[in-house]
Amino acid sequence: MELDAELSALATQEDLPADLVRRLLQHSGARRSVALLRRDLTDELIGEIIDLGSVRTLAANSSVPSRIRARFAEHPEPAVRCAVAASVRDEPPGLLARLAADPDPSVRSFLAMNEHLSAELLELLAADSEASVRSSVIPRWRDAPDDVRRMLLTDADPGIRSGSVRAFVPPADLLPGLLADPATRAAAVAHAVPTSELAADPDSDVREAVAAHPDLPPGLRDLLARDEDIFVRNAIATRADTPPALREQVVATLEPDSPLAEWMLSFSRHTCPPAAPAPPNLTRQQVESLLAQAGL
């Protein structure tokens with residue numbers, strides 16, 4: 001492991017004495033790790049991190065006392081306010097409402113991700129004037145009430161409508177309109193009955209959605225197995241109910257015609273490796289030696 005990486009890993013070691021943590025603050029990478037990840041920062045260490053210019057990273061550390069993070073909500077840099085908005089609690093009361101009225105839409109977007117928001121504040125952000133803010137609410141509020149879902153599913157912004165169809169089960173009366181809308185047609189297929197019309201749609205994304213539909217009839221499955229689009233055929237090949245012989249035939253046709261197609265197809269077959277074990281804690285003598293190597 002390179003020295004910089006070793007110092008950053010050391011910065012997160014539990015029970016590291018404060019005097020050694022303080023020395024790590026002089027290394028920029030280790031300081032970022034200290035500021036973001038340590039849960040035992042004293043007021044003195046917090047002050048030193050701020051003085052060294054890592055306030056934005058510190059603001060994202062949810063273990064920093066609320067009385068200090070509340071001050072960051074007034075910081076002149078939007079990036080600092082964003083870091084606070086994403087996870088701060090409503091301490092003192094009214095802090096979250098103040099962030100919901102922040103003039104910078106990026107702050108309001110980060111606030112939408114905050115798990116401590118009330119339904120009232122989420123509804124306020126769902127109706128925000130900025131599409132980026134409304135979009136941030138969608139993955140955060142999967143159990144939004146019906147009136148909010150309808151508002152987002154019929155939003156003027158096509159990206160909001162598309163994201164909403166993927167996040168929410170649309171009401172039956174909205175489904176025909178969502179299927180007719182080019183921006184939402186492919187996503188809406190999952191909530192519709194697969195038909196031969198949809199299976200022959202000129203948009204390959206729509207046909208791919210049909211190919212992945214859990215209630216796909218065998219006839220449409222066999223039709224889409226011969227589709228001209230490689231991603232549609234790949235969706236058929238990955239279905240659990242595709243007969244082995246048909247799957248073998250389809251897989252034989254899945255030779256990507258470009259590096260981009262090969263890269264995209266790899267995601268349907270990718271398995272994340274297990275997480276690496278945490279490095280063992282270093283003794284004080286080992287830490288002193290490492291710090292000496294870095295001139296700290």
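## Overall form

The chain of this predicted model is built with 22 helices and 0 strands. Its radius of gyration is 26 Å, well over the 19 Å that the globule rule gives for 296 residues, so the chain is more spread out than a compact globule. Along the principal axes, the C-alpha trace spans about 70 × 45 × 25 Å.

Buried residues account for 42% of the 296 residues, and the accessible surface of the chain amounts to about 15,800 Å², with 55% of that area belonging to carbon and sulfur atoms. When contacts between residues at least 6 apart in sequence are considered, 39% of them join residues at least 24 apart.

In soluble globular proteins, nonpolar side chains tend to be buried together. In this model the largest nonpolar core has 54 residues, and the members that touch the most other members are Leu24, Leu58, Phe72, Leu99, Leu111 and Leu125. Helix α7, covering residues 78-85, supplies the largest share of this core, with 5 residues. Apart from this core lies another one, of 20 residues, which includes Ala199, Val210, Ile230 and Phe231.

Once neighbours within four places in sequence are set aside, Leu99 is in contact with Ala73, Arg81, Ala85, Val88, Val107, Arg108 and Leu111.

## Salt bridges between separate parts of the chain

The structure holds 20 salt bridges, and one of them joins the side chains of Glu288 and Arg23, with an N to O distance of 2.8 Å. Glu288 lies in helix α22 (residues 284-293) and Arg23 in helix α2 (residues 18-24), so this pair ties together parts that are 265 residues apart in sequence. Both ends are partly exposed, Glu288 with a relative accessible area of 27% and Arg23 with 26%. The two residues also belong to a network of salt bridges that links Asp19, Arg23, Arg284 and Glu288.

A second pair is formed by Asp102 and Arg81, whose side chains meet in a salt bridge at 2.7 Å, N to O. Asp102 sits in the loop between α8 (95-100) and α9 (105-111), whereas Arg81 sits in helix α7, and the pair links these distant parts of the chain, 21 residues apart. Here Asp102 is buried, with a relative accessible area of 7%, and Arg81 is likewise buried, at 10%; Arg81 is also among the residues in contact with Leu99.

Asp222 forms a salt bridge with Arg221, and the closest N and O atoms are 3.2 Å apart.

Arg31, placed in helix α3 (residues 28-37), is buried yet has no salt bridge. The nearest side chain of opposite charge to Arg31 is that of Glu48, 9.5 Å away, which is beyond the 4 Å cut-off applied to a salt bridge. Leaving aside neighbours within four places in sequence, Arg31 is in contact with Leu24, Leu25, Gln26, Leu52 and Ser54.

Note on methods. Residues numbered from 1 in each chain as written. Predicted model: local features only at pLDDT ≥ 70, side-chain atom pairs only at ≥ 80, totals over all residues. Heavy atoms only, no water. Core = buried A, V, L, I, M, F, W, Y, C linked by side-chain atoms within 4.5 Å. Buried < 20%, exposed > 50% of the residue type's maximum accessible area, 1.4 Å probe, protein only. Helix = DSSP H or I, 4+ residues; strand = E, 2+ residues; numbered from the N terminus. Contact = heavy atoms within 4.5 Å. Rg over C-alpha atoms; globule rule 2.2 N^0.38 Å. Areas by Shrake-Rupley, 256 points an atom, 1.4 Å probe, with all protein chains shown as cover. Lys, Arg positive; Asp, Glu negative; His and termini not counted.
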